[in-house]
Amino acid sequence: MNKGKGLDIGTMNIVCAQRVGDGQVETARVRDAFLDLDAGARRMLKLSGVNFIDRGEEGIIVVGDAALEMANVFGREARRPLSGGLIAAGEMDALEILGVMVQNLLGKPAVKGEHCYFSIPAAPVDSERDTVYHRGVFERIVTECGYTATPANEAMAIIYAETAAEQFSGLAVSFGSGMCNVALAVNAIEGLVFSVGRGGDWIDQGAAKAVGSTASRMCSLKEQGLDLLNPEGREQEALVLYYKSLIEYCIDQTAREFALIKDRFALPRAIPLVVAGGTSLAQNFLPFFEQTFERKRKRFPISVSEIRQAAEPLNTVARGLLIQAMQEYED
């Protein structure tokens, strides 16, 4: 029996990974967004087959990809249960929505108390926010679904998923919507983990403000096929400029954080730098990242052997978490 699940809890997407059948890994995703509508829309949505939560006279809540699509149609901003990589403090409906999303993705455990490793971001180095509440809420949600819940660092999951050939040694950057998470490891030993409070949402909001648009539209433009090396029009050019700024910021913060631990953590050899996450799905992200990194390589304190993108950027964290969950069943 295939046991163990990995759950990547992102600001834009929640992804579950599990083994099925002959041991192949299967992933499932739900968009981490919702939109409240009045009760009059119930009949229309039932006909369309859109997934929603019925709250009786209070109205209905559309969840997932449909929420973002409908927000664009009506010129509204979709509501997000997570903000900046953590549970949104101002969203009163966030916990209910997240509970439904996680339950739908995980399903029932294969055995009582099946192990589920879920992602948590590292504490951000550029803000006062911590992850204590976020971690506790998801530990409760996953446990209530019938699983043994174990929190695990988001960027370290990329190390487990992508650097087996290097004995789990590497520098991983998870470009998410709410945050960017960074982890440095040698032989699976964690040397450095941190996050920065910028990500895909920061790109959308900054670009939208620069050109007088909305963050939802900027996000939609990205997902329609933004080519970072060949932007078309003012809006795409704004997005590219903010992508560049985000990458530079992550590189600079990594150099700064490594300087604090370099006397306590030796790097015996050059290591790969692996990028993943939904924000890295933009076309030509890898060569764009490489161009930006090369301008800073001489001053970068970590010797990088190669830069590569995860095989499945959106699913990599969930796969790495699954690997850790599966280890619970190894003799």
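How many salt bridges does a search of the whole structure find? The search finds 13, a salt bridge being a side-chain nitrogen of Lys or Arg within 4 Å of a carboxyl oxygen of Asp or Glu. Before I turn to individual pairs, a word on the model. It is a predicted one, in which local features need pLDDT of at least 70 and side-chain atom pairs count only at pLDDT 80 or more, while totals for chains, interfaces and linings use all residues. Residues are numbered from 1 along each chain as its sequence is written, and side-chain values use heavy atoms, with hydrogens and water left out.

I begin with Arg 31. Its salt bridge with Asp 65 has the closest N and O atoms 3.1 Å apart. Arg 31 lies in strand β3 and Asp 65 in helix α2 (residues 65-73), so this pair ties together parts that are 34 residues apart in sequence. Helices (H or I, at least four residues) and strands (E, at least two) are DSSP runs, numbered from the N terminus. Arg 31 also meets Glu 223 in a salt bridge of 2.9 Å, N to O. Glu 223 lies in helix α7, so here the parts tied together are 192 residues apart in sequence.

As for accessibility, Arg 31 is buried, at 7% relative accessibility, whereas Asp 65 is partly exposed at 28% and Glu 223 is partly exposed at 45%. Buried means under 20% relative accessible area, exposed over 50%, and partly exposed in between, with a 1.4 Å probe and protein chains only.

A further pair lies in helix α4 (residues 132-144), where Glu 144 and Arg 140 are four residues apart, about one helical turn. Their side chains meet in a salt bridge of 3.2 Å, N to O. Glu 144 is exposed at 58%, and Arg 140 is partly exposed at 38%. Returning to Arg 31, salt bridges that share partners join Arg 29, Arg 31, Asp 65 and Glu 223 into one network.

Glu 154, in helix α5 (residues 154-162), presents another case. Glu 154 is buried yet has no salt bridge, and the nearest side chain of opposite charge, Arg 129, is 12 Å away. Leaving aside neighbours within four places in sequence, the residues in contact with Glu 154 (heavy atoms within 4.5 Å) include Ser 119, Pro 121, Ser 174 and Val 317.

Key: Lys and Arg count as positive and Asp and Glu as negative; His and the chain ends are not counted.
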